[in-house]
There are 2 protein chains.
Amino acid sequence: MEDRFVEMALLYDFYGKILTAKQQEIIELYYMKNFSLGEIGELLKTSRQAVYDNLKRAEKQLNSIEDRLGLVCRYQREEKQWSQTIKRLDNVIMALDREYSNHEMVKELQDIREFIGSITGG
Amino acid sequence: MEDRFVEMALLYDFYGKILTAKQQEIIELYYMKNFSLGEIGELLKTSRQAVYDNLKRAEKQLNSIEDRLGLVCRYQREEKQWSQTIKRLDNVIMALDREYSNHEMVKELQDIREFIGSITGG
């Protein structure tokens, strides 16, 4: 996926709800479902230009709130650290499993690792 | 600390930057430094009533953005799960340390636990 699609998906995940329902629809169609501006125009019975303007306004709002709050930036920084942490935990689990196969501690750590993965996307 | 102080501190941590500089100052003085409205009025050379109005407006803005984005709510829900996870990890570390004192795996898990605590406040 292109970087700007990943970036917009994250901005939308954090801040999408500040947009109007129509802007949310356009962002979802364009960025998540890969519709073209023309296709979105047809679907919403409006011009390609109107879709474009609305999309740009929505992007600007999302970028502007991120410039102030920086929550996506914080998330991205932490995400890298989480992925390293999960790798380290996986290594401990493997090492422990070699010594204590099927031990309760191994299962408990696997459970913890799964929880961390589910929250942090790792 | 009163619940509404904890709540406001969290809202302010997530969204404070959407407020004006003056609103941020008032919130910090009132909620973090426990100044009274009158004291803030004196400090900022304005009336108690003006401070009160500004504070209420700021609180309303913070609550309104949280109603839309729900990021504090998500954080609080995850915080409970993190604190349980950290407890479970602590138990594994203790059990492992009893069997393998000073083992590299114990140190590695302690390191991982510290990282998780530092990120999640646990």
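Hi everyone, let me start at a helix end: just after α4(A), A:G70 takes a positive phi of about 65°. Keep in mind that this is a predicted model.

Helix α4 of chain A runs over residues 48–69, which is 22 residues. From its first C-alpha to its last it reaches 32 Å, close to the 32 Å expected at 1.5 Å a residue.

Which residues of α4(A) are buried? They are A:V51, A:N54, A:A58, A:E59, A:L62, A:I65 and A:L69. Looking down the axis of α4(A), you find these buried residues within an arc of 135°, so they line one face of the helix. A quick reminder on the geometry: an α-helix has 3.6 residues a turn, so residues three or four places apart point the same way. On the other side of α4(A) sit exposed residues, namely A:Q49, A:D53, A:K56, A:K60, A:D67 and A:R68.

And what covers the buried residues of α4(A)? The cover includes α1 (3–15), α2 (21–32), α3 (37–43) and α5 of chain A, together with α1 of chain B.

Let me take one of those partners, α1(A). Its axis and that of α4(A) are 10 Å apart, and the two helices pack at an angle of about 75°. That makes α1(A) roughly perpendicular to α4(A). From α1(A), the residues A:M8, A:L11, A:Y12 and A:Y15 meet A:E59, A:L62, A:N63, A:I65 and A:E66 in α4(A). Sorted by class, this contact of α1(A) with α4(A) has six nonpolar, one polar and two charged residues.

Now to α2 of chain A, where we find A:K22. A:K22 is partly exposed, because 13 other C-beta atoms lie within 10 Å. In sequence, A:K22 and A:N54 are 32 residues apart, while in space they are 8.5 Å apart, C-alpha to C-alpha.

Over in chain B, we can look at α2 and α4. The axes of α2(B), residues 21–32, and α4(B) come within 9 Å and cross at roughly 100°. That makes α2(B) roughly perpendicular to α4(B). The contact is made by B:K22, B:Q23, B:I26, B:I27 and B:Y30 of α2(B), with B:V51, B:N54, B:L55 and B:A58 on the α4(B) side. Those residues divide into six nonpolar, two polar and one charged.

Next, helix α6 of chain A. This one covers residues 104–120, so 17 residues, and reaches 24 Å from first C-alpha to last, close to the 24 Å expected at 1.5 Å a residue. Buried in α6(A) are A:V106, A:L109, A:I112 and A:I116. They cover an arc of only 125° around the axis, which puts them on the same side of α6(A). The other side of α6(A) has A:E104, A:K107, A:E114 and A:S118 exposed. Among what covers the buried residues of α6(A) are α5 (71–99) of chain A and α5 of chain B. Just after α6(A), A:G121 takes a positive phi of about 75°.

That brings us to the contact between the chains. How many residues does it take from each chain? It takes 21 residues from chain B and 21 residues from chain A. On the side of chain B that touches chain A, the elements giving two or more residues are α1 (3–15), α4 (48–69), α5 (71–99) and α6 (104–120) of chain B. Of these, α5(B) gives the most, with nine residues. By class, that side of chain B has 14 nonpolar, two polar and five charged residues.

How values were computed
Residues are numbered from 1 along each chain as its sequence is written. Chains are lettered from A and ligands numbered from 1 in the order in which they are written. This is a predicted model: local features need pLDDT of at least 70, side-chain atom pairs count only at pLDDT 80 or more; totals for chains, interfaces and linings use all residues. Two residues are in contact if their C-beta atoms, placed from the backbone, lie within 7 Å. Helices (H or I, at least four residues) and strands (E, at least two) are DSSP runs, numbered from the N terminus. Ala, Val, Leu, Ile, Met, Phe, Trp, Tyr, Cys and Pro count as nonpolar, Asp, Glu, Lys and Arg as charged, and the others, Gly among them, as polar. Axes are lines fitted to C-alpha atoms, for helices over the stretch in contact, and angles run from 0 to 180 degrees between N-to-C directions. Angles under 35 degrees count as roughly parallel, over 145 as roughly antiparallel, 65 to 115 as roughly perpendicular and the rest as oblique. The expected span of a helix is 1.5 Å times one less than its number of residues. A residue is buried if 20 or more other C-beta atoms lie within 10 Å of its own, exposed if 12 or fewer, and partly exposed in between; C-beta atoms are placed from the backbone. The arc is that of the directions from the helix axis to the C-beta atoms.
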